[in-house]
Amino acid sequence: MLNLQTRNQDFPSLQERVYLNTAAEGIPPLQVKAAFDQYFQDKLLGMDGRKFHEAQWDAAKELIAGMYGLSAEEVSICSCSSEAFNLAYQALQLKEGDEVIISDLDFPASYTFGLQQSCPATVKIWEARDWELRLEDLQSLLSDKTRMVSISLVSFFNGFKIPLKEVIQTIRENSSALIALDVTQALGRIPLDLTDIDLVISSTHKWILASHGGGLVGVPSKKASEWTVPAGGWFNLKDAFGDQRFEKAESLPGAASFTVGMPNYPAVYAIRAALQYISETGVEQINRAATPLVEACLAGLKKVDVELISPQSTENLAGIIAFRHPEAEQIYQHLHSKQIHPMYHAGRIRVALHGYNTMDDVETFLRELNHALSKSFVGN
């Protein structure tokens, strides 16, 4: 992943394109394909295969725990980050007068439950200024009514990376709110210190290079009572098949309550393989390899005629840079025709740089972007 030999070996499809869209879909290494193949072989055993499914489940949880800085008992896996956030809101049992703070740089999965008419709480928006979130603006929103602050460590929209320690300190000094952190755009890409976070959630098909169908949940044991989901199911219950099963249902505490039914074992196999690959490669090493690419890309974008909507400093970035242009769609079509794959969505072009990217990728992207911006191309 971090040199041409391992990249070509583990990601052979990348030899034919410049892939800059990991923030939407990560490219899995061949080890993930082998994990899917192993799932199929284990599934052929029928019920006897469940012991192998369970072994993958346990191994995946150990790897997630290592990434989150928690124990295996403090993490679990549901179907996706959207499900995880819906269950988290359900655990809160919000009532009229409660307040939830979200950010206008966040992905809809983390906040739209609070905007449903059925949710009695008031949602307050931490609004970005100059494409960055300011601590003083967060402080002005906090009060004794604030039940939760839901925020992404890295914005899907423009890559802004919040100053996490300062955000935590601001919240703790001004409210008793719970902190729910979405690390989808950070996990597997940058080192994490999640000390004093009450709930951690990530999807699985982006930077950790696994598959769809997973939502990684982390709940520190000291916060288990706040984040116990009163949902129906069986995998999440203390005694789903006991003598009193028709009289009451009691959820397991904390993270375990988020897995309400049979785990998505194909995704679990993929998650185990992908996280093992990321762990063996090393997130620190991935960050060291990818940071110069981010710096070079940012410097190149500052030199061309686009509206940069990401922070101007790489200190506030992880792996995502975004920009706008009146001819963004045409520019994207040109790039895509040259087998250069950024993201075009919501009027912006977004570039995502991971450990499998190279400086050649950045230089090729900037060269073709400059061509697309030339008078001979734009508008034609």
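Q: Is aspartate 98 buried or exposed, and at what relative accessibility?

A: This is a predicted model. Burial is read from relative accessibility, and under 20% counts as buried. Aspartate 98 has 7% relative accessibility, so the residue counts as buried.

Q: Which side chain does aspartate 98 meet in a salt bridge?

A: Start with the general idea. Side chains of opposite charge can pair when their charged atoms come close. In this structure, aspartate 98 pairs with arginine 147, at 3.0 Å from N to O. Arginine 147 sits in strand β5 (residues 146-152), while aspartate 98 sits in the loop between α4 (81-92) and β3 (99-103). The pair therefore ties together parts that are 49 residues apart in sequence. Arginine 147 counts as partly exposed, at 24% relative accessibility.

Q: How many salt bridges does the structure hold?

A: The structure holds 13 salt bridges. One of them joins aspartate 137 to arginine 129, at 2.9 Å from N to O. Arginine 129 is partly exposed, with a relative accessible area of 35%. Another links arginine 134 and aspartate 130, with the closest N and O atoms 3.4 Å apart. Arginine 134 is partly exposed at 24%. Aspartate 130 counts as exposed, at 63% relative accessibility.

Q: Which strands pair with β5, and in what sense?

A: Follow the bridges from strand to strand. β3 pairs with β5 in the parallel sense, over 3 bridges. Within that pairing, isoleucine 101 has valine 149 of β5 as its bridge partner. Strand β6 (residues 178-182) also runs parallel to β5, joined by 5 bridges. There, methionine 148 stands opposite leucine 178 of β6.

Q: What is the order of the strands in the open sheet of 4 strands?

A: Read the order by stepping from partner to partner. Here it is β9-β10-β13-β12, with antiparallel pairing. The edges are β9 (307-308) and β12 (343-345). Each has a single partner strand, so one side of each is left without a neighbour in the sheet. Glutamate 307 has arginine 324 in β10 as its bridge partner.

Q: How many aromatic pairs does a search of the whole structure find?

A: The search finds 11 aromatic pairs. Read each pair by two values, centre distance and plane angle. Tyrosine 39 and tyrosine 269 have ring centres 5.3 Å apart and planes at 80°, so this pair is edge-to-face. Tyrosine 39 belongs to helix α2 (residues 30-43) and tyrosine 269 to helix α7 (residues 265-281). The pair thus ties together parts that are 230 residues apart in sequence. Tyrosine 39 is buried, with a relative accessible area of 17%. Tyrosine 269 is buried too, at 0%.

Q: Which aromatic pair is tilted, with 50° between the planes?

A: Tryptophan 234 and phenylalanine 241 form that tilted pair, 6.2 Å centre to centre. Tryptophan 234 counts as partly exposed, at 32% relative accessibility. Phenylalanine 241 counts as exposed, at 62%. Both belong to one aromatic cluster, formed by Trp57, Trp234, Phe235 and Phe241.

Q: Where is serine 211 found, and which residues is it in contact with beyond its neighbours within four places in sequence?

A: For a loop residue, check burial and then contacts. Serine 211 is in the loop between β7 (199-203) and β8 (215-218). Serine 211 is buried, with a relative accessible area of 12%. Its contacts, leaving aside neighbours within four places in sequence, are Phe36, Thr204, His205, Ala267 and Ala270.

Q: How many residues does helix α10 have, and what distance does it reach?

A: Compare the end-to-end reach with the expected span. Helix α10 (residues 359-373) has 15 residues and reaches 21 Å from its first C-alpha to its last. That is close to the 21 Å expected at 1.5 Å a residue. Its buried residues include Asp361, Phe365, Glu368 and Leu373.

How values were computed:
Residues are numbered from 1 along each chain as its sequence is written. This is a predicted model: local features need pLDDT of at least 70, side-chain atom pairs count only at pLDDT 80 or more; totals for chains, interfaces and linings use all residues. Side-chain values use heavy atoms; hydrogens and water are left out. Helices (H or I, at least four residues) and strands (E, at least two) are DSSP runs, numbered from the N terminus. The expected span of a helix is 1.5 Å times one less than its number of residues. Buried means under 20% relative accessible area, exposed over 50%, partly exposed in between (1.4 Å probe, protein chains only). A salt bridge is a side-chain nitrogen of Lys or Arg within 4 Å of a carboxyl oxygen of Asp or Glu. Rings of Phe, Tyr and Trp (its six-membered ring) pair if their centres lie within 6.5 Å; planes under 30 degrees apart count as stacked, over 60 as edge-to-face and the rest as tilted. Two strands pair if DSSP finds at least two bridges between them. Contact means heavy atoms within 4.5 Å.
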